[in-house]
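Please look over the sequence and the structure below before reading on.

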Amino acid sequence: MAHVLVVDDSNTMREIVASFLSKNGFEVALATDGRDGLVQLNKDPAIRLVVSDINMPNMDGLTMAEKIRSELGNQAVRIVMLTTEDNPAMRERAKALGVNGWIVKPFRGDAVLGPFRKICGMG
């Protein structure tokens with residue numbers, strides 16, 4: 001069962017994040033967009049953290065976050081946006097939707113290891 005769900009429409013970004021997390025002891029599931037992310041989250045109740053891009057086809061990351069909180073009623077999973085967006089209004093919207101964190105790309109794995117381990121009950 002996965003601890004972390006990585007949601008990004010970029011194959012390269014998904015693999016960078018997933019590879020780093022896997023090498024550091026995380027179980028990782030992958031999704032290609034928000035719609036796929038909801039499917040993966042429904043399939044695996046062990047997921048504790050969703051790391052998602054915002055701008056994706058089919059369903060963007062903020063819409064996915066909103067659906068996780070409202071339609072799935074999942075308040076326990078932590079949601080972190082990993083995006084090129086650094087817009088304060090978008091951050092506020094994300095916070096209002098229940099997003100717990102915001103990381104501006106590029107992904108610097110070492111900076112998030114401690115917090116991610118804590119969220120996933122690994123330390």
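R91 is partly exposed, at 32% relative accessibility. The model is predicted, and it holds four salt bridges. Three of them are described here, starting with the one that R91 makes.

**The R91 pair**
- R91 is joined to D86 by a salt bridge whose closest N and O atoms are 2.7 Å apart.
- D86 has a relative accessible area of 49% and is partly exposed.

**The network around K105**
- Salt bridges with shared partners link D8, D53 and K105 into one network.
- D8 and K105 form a salt bridge, with 3.2 Å between the closest N and O atoms.
- K105 is also in a salt bridge with D53, at 3.6 Å from N to O.

**Where the network sits in the chain**
- D53 is found in the loop between β3 (49-52) and α3 (61-69), so its pairing with K105 ties together parts that are 52 residues apart in sequence.

- D8 counts as buried because its relative accessibility is 3%, and buried means under 20%.
- D53 is buried as well, with a relative accessible area of 7%.

Key:
Residues numbered from 1 in each chain as written. Predicted model: local features only at pLDDT ≥ 70, side-chain atom pairs only at ≥ 80, totals over all residues. Heavy atoms only, no water. Salt bridge = Lys/Arg side-chain N within 4 Å of Asp/Glu carboxyl O. Buried < 20%, exposed > 50% of the residue type's maximum accessible area, 1.4 Å probe, protein only. Helix = DSSP H or I, 4+ residues; strand = E, 2+ residues; numbered from the N terminus.
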